[in-house]
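These are my notebook entries on one protein model. I record what I looked up, entry by entry.

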Amino acid sequence: MVCFSLAVLAGFGAARLVERMRSVRMQRAVLAILGVLILVEYASTPLQFWTAPRHAPESYADLVRDAGDGPTSVIFEFPTGAMEDPEYLYYSTFHWQYLVNGYSGFFPPSYRKLVNAVQGFPDDTSMNVIKSHGVRYLVIHGEGLFGARYEQLSAELDHRPDLKLVSRRPWQREDKHSEISVYRVVSP
């Protein structure tokens, strides 16, 4: 109703504006300009939706195999953020493990603290925060990292005594070719 009322008022305003013009040519030009402005205002473009893959990356199967019959594990996926976490939540339906960085549309203060704490990942501060959540596995998504960041990050994680590489597999999604690495948190 509000939009309809505004449209009627705009119509009266346009009629009043055109009435004040003496030249028919000028009236037509003003109406044409108003028409173009309305078309620009109401122009819409389709939203880009995320297309869910039909299968999860094989790295998650490696993670489940490594966990065996043990209790449900806690996973931290990197990079983390509002754009990545919904995808990780979708993948959790393939492995049914707990996620530190899940997604619900609400970001509690504890989540914001976690995101801020892992800005320097994989430094000791961020690793301590991650471990404080009971994390048993780290899943590093190369498709979410830019430049040589994945290679640099993998090299740093490979040399940490508190992590053991479980798997490193190629992954392709939406024209993004990359790898996913899974690490188990171990006692040094």
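**Entry 1**

I looked up Arg 169 and found it partly exposed, at 26% relative accessibility. For this term I used the following cut-offs: buried is under 20% relative accessible area, exposed is over 50%, and partly exposed is in between, with a 1.4 Å probe and protein chains only. The model is predicted; local features need pLDDT of at least 70, side-chain atom pairs count only at pLDDT 80 or more, and totals for chains, interfaces and linings use all residues. Residues are numbered from 1 along each chain as its sequence is written, and side-chain values use heavy atoms, with hydrogens and water left out.

Which residue does the side chain of Arg 169 meet in a salt bridge? The partner is Asp 62, at 2.5 Å from N to O. Asp 62 lies in helix H3 (residues 58–67) and Arg 169 in strand S4 (residues 163–173), so this pair ties together parts that are 107 residues apart in sequence. I took a salt bridge to be a side-chain nitrogen of Lys or Arg within 4 Å of a carboxyl oxygen of Asp or Glu. Helices (H or I, at least four residues) and strands (E, at least two) are DSSP runs, numbered from the N terminus. Asp 62 is buried, with a relative accessible area of 8%.

**Entry 2. Other salt bridges**

I noted a count of 8 salt bridges by this rule. As background, side chains of opposite charge can pair when their charged atoms come close.

I then looked up Asp 158, which forms a salt bridge with Arg 168, the closest N and O atoms being 3.1 Å apart. Asp 158 is in helix H7 (residues 149–158) and Arg 168 is in strand S4, so the pair ties together parts that are 10 residues apart in sequence. Asp 158 is partly exposed at 37% relative accessibility, and Arg 168 is partly exposed at 29%.

Are Asp 162 and Arg 160 buried or exposed? I found both of them buried. They form a salt bridge, with 3.0 Å between the closest N and O atoms. I also recorded one network, in which salt bridges that share partners join Glu 58, Asp 62, Arg 65 and Arg 169.

**Entry 3. Nonpolar patch and Phe 4**

I found a nonpolar surface patch of about 660 Å², made by Val 2, Phe 4, Leu 6, Val 8, Leu 9 and Phe 12. Patches are made of residues with over 30% relative accessible area and no salt bridge; like charges are joined within 9 Å, and nonpolar side chains (Val, Leu, Ile, Met, Phe, Trp, Tyr) within 5 Å. The accessible areas come from the Shrake-Rupley method with a 1.4 Å probe, and for residues only the protein chains shown count as cover. Phe 4 is in helix H1 (residues 2–19) and counts as exposed, at 57% relative accessibility.

**Entry 4. Second largest pocket**

I looked up the second largest pocket, which has a volume of about 260 Å³. A pocket is, on a 1 Å grid over the protein atoms alone, an open set of points where a 1.4 Å probe fits, with protein on both sides within 12 Å along at least five of seven lines; lining residues have an atom within 4 Å of a point. Grid points are joined across faces, edges and corners, and the volume is the space filled by probe spheres set on the points.

Which helix gives the largest share of the lining? H1 does, with 6 residues. H1 and helix H2 (24–42) each supply at least two residues. The lining includes Cys 3, Leu 6, Gly 11, Leu 34, Ile 38 and Tyr 42.

**Entry 5. Backbone**

I found a cis peptide bond from Phe 78 to Pro 79, with omega near 5 degrees. Pro 79 lies in the loop between strand S1 (74–78) and helix H4 (85–95). A cis peptide bond also joins Phe 121 and Pro 122, with omega about 10 degrees. Pro 122 is in the loop between helix H5 (109–117) and helix H6 (124–132).

Trp 96 has a positive phi, near 55 degrees, in a residue other than glycine. Its place is in the loop between H4 and strand S2 (98–99), and Trp 96 counts as exposed at 61% relative accessibility.
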